[in-house]
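Subject: Structure handover

Hello,

Have it open while you read.

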Amino acid sequence: MKLKFIIIAGLVLMGLFGCIPPGGPGEDLVQNINNGQGISSSVLLNNDWSYLEQAVEYEDLNQYISSDWEQIDLPHTWNALDATDNNPGYRRSSGWYKKHLSIPGIGGRWNLHFEGVNISSRVYVNGVEAGGHVGGYIGFDVDVTDHLVPGKTNEILVWVDNSVDPNIIPSQKSDFFIFGGITRDVWLNHTDDIAIRQMHVTPKNVSHASAQTSVALEVLNHLDLAKTATISYNLIDPQGDTVLTSQISTQLETGPNHISHDLPGLNTPLLWSPESPALYQLHVSVVGVVFKAQKEARIGYRWFEFKEHGPFLLNGERLLLRGTHRHEEWAGLGNALPDSLHRKDIEMIKEMGANFVRLAHYPQDPEVYRACDELGLLVWDELPWCRGGMGGDEWKANTERLFREQIAQNYNHPSIILWSVGNELYWQPDFEGGGDIDKLKAYVSHLNDLAHELDPSRLTTMRKFYDGAEITDVFSPSIWAGWYSGVYKTFQQAIEKSNKKYKHFFHMEYGGSSHVGRHTENPITGEGFVKADEWDEKPNMINVKKVSQSGDWSESYIVDLFDWHLRVSESADWLSGNAQWAFKDFGTPLRPENAIPYINQKGLVDREGKPKDAYYVFKSYWTKNPSFCYIESHTWKERFGQPDESREISVFSNCDEVELIHNGQALGRKQRDIQDYPASGFHWDVVFTEGQNQLEAIGYSQGTEASRDTHELRYNIGRPGKPEDVSLSSIRLPNGNYLIQAKVVDKQGELCPQYNQRVYFDVNGPGDLLRYQGTPTGSDVIEFASGKAAIEFIPGDAGITTIEARTQDFKGSYTRITTP
């Protein structure tokens, strides 16, 4: 039996008549609302908040004076730096946010909309508790109409708490930080007394030839009397032309009114897809004698299907799902990102050639879904039930409510195809009996049924709950070939076995960690063997049982692993798809011993979005334009070996042909062939000369030069010497800071790339180090990468600053910087 679903979706938008008030929310807020004529207008309230880092009750706030409050803008988290500092643990407590605003006396309804507050909150207006929310990652509204005083300065206070609470998912045992704060945008919304609170758009019979559209509205009437209204529907195509109109009359009773309507049929709809993410706009207005309410939704028409034990189809055609995962996080910001950085992540994922992203392990910022809709990325949207097993009645009530809210808020996005009920949900129960398999299966079944009830147009899924694999429509087992288990050349065997076992198999999570700049001449092979001594000329190979524990975390190995995985995936015409873990490095409290402490380094880019070598591997398989070449590796600038010893050089490119030139000599032009491993045939044996070597790659598409890349490296004859010291140097950066570079050297001052132990940077004098960023140049505790490490220094007042680098083996190395 096939699972076939026809869907249409979109993003509910409110009319935006203003943006951030530049000088505070008073007079400018009045102007913005009046410009909106009192009809569904919104003002962003991110500026000019105060924050108090005190875990106190509301009644105790009067003991703190204004100077105790820190002036901040939203989004904000109090864990931006302490989560990734060098001290175990991070602040799991409560704090307070405060803002003052004034409103005009124009009647209607006022609502504060919070896009996300972690994890629990209470909202006070002028000393009265007006509302709140339990659970993070989900938006919520607080009706403040009865608490705001027009023409006066109103005080908004928000209590936020991210304390450990087993009754609120995700579990504290999750492999990511649960940041605290108002971590997303806050809006002040104004509507008439009759307003459209919710609009869901659902398809019927979508095909290339035609489509139908159903609209479900919840219209809220705050008046004491029933009102007659006319509801108008206007569908606008991607070119801006009106293609459908419809109108009905209805009676609006006091309170919520649920109104469903089928629009006329649409002929030859423009279908939404990753290649052509066509978005329509649906305008709905509810008009009466003394009121007008309106809402807009961006929608996309498409249908999809997971074939049994087979591929994924979108709009009737096979589409290999090429995906990755995204955590909501950025260096120095925690999860309190502006929309621009949310979008930057999604743009980079799209530029890499992906057509799918799993949002791990929780619903993400509204800007993420908007970007996926616009750019064409299919989405796995996940309930934040991550580890911890199952709790009692309070836990169940919170979890179900969060799932209901998630589906309601994200219902209309054309990008979403899967509702996930959770990840690794049975691991390490937080409650006695919380790991009971029968009870877990029953609750997963309940959530699965709930998702189908609330949204029959999409599929359900989950990862790694094997006892309940048959419950959800789609299932992902755990396959980490070449990292947590096995070797990467068993990947094909593993996914073929899973595809036969699970009716609708979709593989989530594969890959491994890599430390930027760490390379090896002899990475672990696809069969799991490695030289006992990398620099020994004798081929004494040993078997590595578990690469995650015994491997070197080199970029060299992880490039080979991904290259093999992609070669297999791209050749499997029966495969629905898979998703690499994860797009970007992210913080975790569970990994203090990593090369960068408390950072999961499985990303294709580092924690501030700078690509690693592996990013270009994916880009070479998944993109056609623009053409590019990347010589592996730009961060490998010093190599060692014997005279006349050849080294394999790979060039990752999406071109048809690539030519490699070494020191001005052409080494041949090769054609792309993904069956020719590594690098789809773009690999050459190069004999370096002692000293500096120049490499140049020229890519050709349809016989014409399309791209170039160059790389310069130094080749040293012989094996590296014994580490004797740490040498420090500095260079001035364009931002005015200094990059402090540490290099482990032998007696002759030559690099020792075999040294990969930890280094501890410290500073004494004016200025400070860029610390706790979780990046290769923003961590004062970090492992060397092939004998090198670096950290950024931020100059301070005039004076001399000493910057020191210590290791377990070498102590006291320092450099000095004079700030005029």
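W385 touches I169, M390, W395, V421, G422, N423, L425, L440, Y443, V444 and L447, leaving aside residues up to four places away in sequence; contact here means heavy atoms within 4.5 Å. This is a predicted model, in which local features need pLDDT of at least 70 and side-chain atom pairs count only at pLDDT 80 or more, while totals for chains, interfaces and linings use all residues. Residues are numbered from 1 along each chain as its sequence is written, and side-chain values use heavy atoms, without hydrogens and water.

A nonpolar core is a set of buried Ala, Val, Leu, Ile, Met, Phe, Trp, Tyr and Cys residues joined through side-chain atoms within 4.5 Å, and buried means under 20% relative accessible area (1.4 Å probe, protein chains only). Helices (H or I, at least four residues) and strands (E, at least two) are DSSP runs, numbered from the N terminus.

Next, the aromatic rings. There are 41 aromatic pairs, counting rings of Phe, Tyr and Trp (its six-membered ring) with centres within 6.5 Å; planes under 30 degrees apart are stacked, over 60 edge-to-face and the rest tilted. Y90 and F177 form an edge-to-face pair, because their ring centres are 4.8 Å apart and their planes stand at 85°. Y90 sits in the loop between strand 4 (70-72) and strand 5 (94-101), and F177 in the loop between strand 10 (154-161) and strand 11 (186-191), so the pair ties together parts 87 residues apart in sequence. Both count as buried: Y90 has 15% relative accessibility and F177 has 3%.

The rings of Y488 and Y557 make a tilted pair, with centres 5.8 Å apart and planes at 55°. Y488 lies in the loop between strand 27 (474-476) and helix 6 (491-501), Y557 in helix 8, 69 residues apart. Y488 and Y557 are both buried. One aromatic cluster is formed by F304, F306, F312, F356, W380 and F506.

Finally, the sheet: four strands make an open sheet in the order 46-44-48-49, with antiparallel pairing (strands pair if DSSP finds at least two bridges between them). Its edge strands are strand 46 (781-783) and strand 49 (813-819).

Best wishes

Definitions and conventions: Buried means under 20% relative accessible area, exposed over 50%, partly exposed in between (1.4 Å probe, protein chains only).
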